[in-house]
Amino acid sequence: MRTSARTIRVMAAVLPLGLALAACGGGGGDDTGSGEGGGGGDGDNTLTVWAWDPAFNIYALEEAEKVYQKENPDFTLEVQEVPWEDVQTRLTTLAQSQETGELPDIFLMQNNAFQKNVINYPDLFSDLSGSDVDFSEFPESVVAYSTVDDVNYGVPFDNGTAITALRTDVLEQAGYTVDDFTDITWDEFITLGEDVLAKTGQPLLSGQAGSSDMPVMMLQSAGASLFDEEGNPTIVDNDALLAAIDTYQRLVESGVYIEVNTWDEFINTLVNGTVAATVQGVWILGSIQSAEDQAGKWAVTNVPMLDGVEGATHYTANGGSSWAISSNADVELAQDFLAKTFAGSAELYDTILPTAGALANWIPASESDVYGEPQEFFGGDAVYSKVVGFAEQVPSNNTGAYYYEGRDAVSVAITNIMNGADPESALAEAQSTVEFAMGS
Amino acid sequence: MARPTATAQRSVPGDAPVAGTVPAPLAPRPKISRLERRKSLTGWVFLLPASLLILWLSFWPMIQAAILSLQTGRGTRLSFAEPLWSNYTRLLEDETFKLTLQNTFLYLIIQVPLMLIMALVLANLLNNPNLRYKSLWRTAIFLPSAVGLVSYALVFRTMFANDGLVNDLLQGMGFIDSPVNWLGETGTARFVLVLGLLWRWTGYNMIFYLAALQTIDRSTIEAAKIDGASSAKAFWYVTVPQLKPMILLTAIMSTNGTLQLFDESYALTAGGPANTSMTISHYLYMVSFRNSPNFGYASAISYVILIIVAALAVVQLKVGDKRD
């Protein structure tokens, strides 16, 4: 009786603990065994990839798999859908806990975050120096996002080249054509916009209040950045930035640009026809084309340039992403896969362009006939070869490890300037916020 | 430790059922002492697994975070700061941290008392024995607590959009001429956030009060009424004092919850405009995962939250708990 009571006590103590430990241990073991951490140079002809959009980058991966299988029939690609914010959280957590064995072979990364991750966590990446990828076949400004200390860490994927997309039917009502909006300055754009607003009641542009997207696009179009090449913030005494913010403020105050609070509201202003144009990365065409009733009523041209700023151009970019090979990868296979698909297959880009609107950064792709085909949605214009032409002229943008801090601080400054703060002192404050973050 | 167990087991049915009565010893002391020691040992054995897990999964990371908060560096290349407390002194110069701390306290001071008073009043109304469809009302008020934090935040964001439901309703009824930019102005953005919190959490706290009200003897309230007290006075002087332990519990839980507020700030207002609705926990997330990661500094921020929560809990215990 006594012994059995004691046995029960001991079991009561040990069982739950044992079960709990077994559960934890088992979980860990399973993870390394199965899909989660499928990387590693095990030579089994399989690559695991993290990407986030089934209609876009995941679809592109599946097509790339088919292309690569033609010469490597045993090859399989295991794609895991992971939203971008989770990719960032996972990478940070794995790096911080030094569990790099859980990494996939390849992951997709936002261009804006690329340098931050390489500089903070170099042990997450394998560089591409020994690969067959010819980086001269990509626009310099795009390769710059994933280059740290002259070493390439990423193969550029989607194109963030900025365009002006306009509703030709609305312009016609006001007596204008797309040509009136091509190769113009922002001052001219505001004048035209005020006239369109007066005649049709429709503003031209829209965007998220407090977002730094628009001013930063303007900034890059003049070849300027929030940081210099050494990564020091250049937010104060930055004439291009002051001009960009001033232009933005005049756009909003004239009523030509309307501010909304969320991304969904912004997309709605386009598909509902609240606004008659947008200046945004070329990927916005995907959302524009979802409004089928507007087919044939859109046209694409280059973006306005800043007035009175040295080095101003009609070309800039927003967003975009690149493929990175992890430190846990079957590096040889991963490099060969990327070199023969995203950095070497015109066939791949010809497939994914019409169905997913995935525009190549890889310059040779733009020579194919698919890129030159007239697009009915855009009034029969060959918009894709046009945009690839823009892409080559986009000035580079310095990002560095503190790019998110820089953009956020500038967003705060813009909100304050719109509420009446003095631009120079608001930007000085933004600079000190970034310097504070850097001074850890 | 073992005394209540022993008492409960030995109290004979039909005996005086008042809790806490120590039964008369049935046997000589040494024998009880051994029995009690065995029972005590049993209790500890049952506690052991949970305690070990808590130590390992909760306290050990807290100690690690404390060590981390004294370190600085880039990514994983961390080293001890010079001087050790530099992450903490750095907080004093961080304007964003000060702003988020101020925002969080604003939510705390406005939302927690308002919510607890509303919960108390609602619980009292729903405890009325003559009320019809009682469970329907209770369910309706409690239901928001079953909604996911992010999903309700997104619904609120849609409702308070410039062309959202709230603006449409207000315009339709003629209260406003042009849409209010709810999430675009500091004051209204904070208001919407507090409104969301009230909607989400009032029912949750109400359930605690309802449960506590069941333990209150109705005769105490009836006695007060017979003595001529109005309903309000009976509520304030008879019911509320008896709910005091529960009020204390909900106050501490709500304070703790509000100081660690994240989802609403992240999903509903995204911290905007210009960070004026961002909470400390949201800032903590930004420092760790969105910005160039600075885990030493982030740990220091989390320790400041811990210290504030602990300090406020101690104050509330001192002020609220007059039991002897």
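Trainee: Which residue of β12(A) does R167(A) stand opposite?

Mentor: This is a predicted model. Strand β8 of chain A spans residues 162-167 and pairs with β12(A) in the antiparallel sense over four bridges. In this pairing, the residue of β12(A) that stands opposite R167(A) is W298(A).

Trainee: Which strands stand at the edges of the sheet?

Mentor: The sheet is open, with three strands in the order β11-β8-β12 in chain A and antiparallel pairing. From one strand to the next, the twist averages 25 degrees. Two strands have a single partner strand each, so one side of each is left without a neighbour in the sheet: β11 (277-281) and β12 (298-301) of chain A.

Trainee: Which helix supplies the largest share of the side of chain A that touches chain B?

Mentor: 32 residues of chain A are in contact with 32 residues of chain B. On the chain A side, α1, α3, α4, α16 and α17 each supply at least two residues. By class, this side has 15 nonpolar, 13 polar and four charged residues. The largest share, six residues, comes from α1(A).

Note on methods: Residues numbered from 1 in each chain as written. Chains lettered and ligands numbered in written order. Predicted model: local features only at pLDDT ≥ 70, side-chain atom pairs only at ≥ 80, totals over all residues. Contact = placed C-beta atoms within 7 Å. Nonpolar A, V, L, I, M, F, W, Y, C, P; charged D, E, K, R; others polar. Pairing = 2+ DSSP bridges. Axes fitted to C-alpha atoms, helices over the stretch in contact; angles between N-to-C directions.
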